[in-house]
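Colleague: Before I use the labels on this model, I would like to hear the grounds for them. Please take my questions one by one.

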Amino acid sequence: MSDSPSSSPENAPEAGSASSTRPPRGIKSYVLRAGRMTVAQSRGLEEVWPRLGLSVADGRQSLEVLFGRRAPCVVEIGFGMGQSLIEQASTHPETDFIGIEVHAPGVGKLLDEADKRGLTNLRVYREDALEVLDKCLPEAGLTGLQLFFPDPWPKKKHHKRRIVQPAFVEQVRTRLAPGGYLHMATDWEAYAEHMVEVMEAAPGYRNTASAESAPYVSRPEFRPLTKFESRGEKLGHGVWDLIYAREDG
């Protein structure tokens, strides 16, 4: 989840079975930005990271071993400053959460807040999400994957940088358990339409929207309303949520 539209989650997809869906190697869907670290953010990275932080170098994870229990597990890509993820982990202690974010201030803030709240159902990667999906997350192991307000890259020449591409959604599908969901949200209507186009062409997914609201769904109660989104609503900006379930075995 990002609290500003310029904050974004991931590398553009480079993995997938169909080479025609892969953008050229090295294309990014995020831009790393330098920023000052607060005392709390630095504390999170220095003191809490050793306990809750994960690395691609750790390799493939057993979720049961990682969290010490068998429970539903939801991954959020690009959590920004972590507001949504913290609220979900606090509100749903019966579910385990893994956050992936490349920006140090957001990772530090999330870790500091997780420690202050005593959360044990949250782990964090400060890595390229495609690397995490490919090398760390178990196949057919996730209850859900969330992608909230990724960078829309509105200029046509930058559309190749959008994370939502055929190869990406196929990679996500392989990590979802049957019936698991991919939940996306954006405040850019053109990007929402792009998401629909990609998802409707993707095999092994079912749109969960009702006939009345399809292809979009109303914001589910489990997705917290961020300050960024609240400000946008007051200005009359729209937000589009899409939830697709893995329908194959």
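This is a predicted model: local features need pLDDT of at least 70, side-chain atom pairs count only at pLDDT 80 or more; totals for chains, interfaces and linings use all residues.

Colleague: Why is Thr95 called buried?

Modeller: The relative accessibility of Thr95 is 11%. Buried means under 20%, so Thr95 counts as buried.

Colleague: Where is Thr95 found, and what does Thr95 touch?

Modeller: Thr95 is in the loop between helix H3 (83-91) and S3. Leaving out residues up to four places away in sequence, Thr95 touches Arg69, Pro72, Val74 and Asn121. Contact here means heavy atoms within 4.5 Å.

Colleague: What makes S3 and S4 paired strands?

Modeller: Pairing requires at least two bridges between the strands. Strand S3 (residues 96-100) is joined to S4 by four bridges, so the pair qualifies. The two run parallel, and Phe97 stands opposite Leu122 in S4.

Colleague: How many bridges join S1 to S4?

Modeller: Two bridges join strand S1 (residues 53-54) to S4. The requirement is at least two, so S1 and S4 count as paired. These strands also run parallel, with Tyr125 in S4 as the bridge partner of Leu54.

Colleague: Which residues of S4 point which way, and are they buried or exposed?

Modeller: In strand S4 (residues 122-125), Leu122 and Val124 point one way, Arg123 and Tyr125 point the other way, and all are buried.

Colleague: Why is the unit made by S3, helix H4 and S4 called right-handed?

Modeller: The term applies if, with the strands pointing away from the viewer, the path from the first strand over the helix to the second runs clockwise. S3, helix H4 (residues 104-117) and S4 make a right-handed β-α-β unit. A right-handed β-α-β unit is also made by S5, helix H6 (residues 166-175) and S6.

Colleague: Why is S5 described as largely enclosed?

Modeller: Six of the seven residues of strand S5 (residues 142-148) are buried, so the rest of the structure largely encloses S5. S5 pairs with strand S2 (residues 73-77) in the parallel sense over four bridges, and the bridge partner of Val75 in S5 is Leu145. S5 pairs with S6 over six bridges, again in the parallel sense. There, Leu147 stands opposite Met184 in S6.

Colleague: What makes S8 mostly covered?

Modeller: Seven of the seven residues of strand S8 (residues 240-246) are buried. Trp240, Leu242, Tyr244 and Arg246 point one way, while Asp241, Ile243 and Ala245 point the other way.

Colleague: In which sense does S8 run with S6 and with S7?

Modeller: Six bridges join strand S6 (residues 176-186) to S8, and the two run antiparallel. In S8, Trp240 is the bridge partner of Thr186. Strand S7 (residues 205-207) pairs with S8 over three bridges, in the antiparallel sense too. Asn207 stands opposite Tyr244 in S8.

Terms used: Residues are numbered from 1 along each chain as its sequence is written. Side-chain values use heavy atoms; hydrogens and water are left out. Buried means under 20% relative accessible area, exposed over 50%, partly exposed in between (1.4 Å probe, protein chains only).
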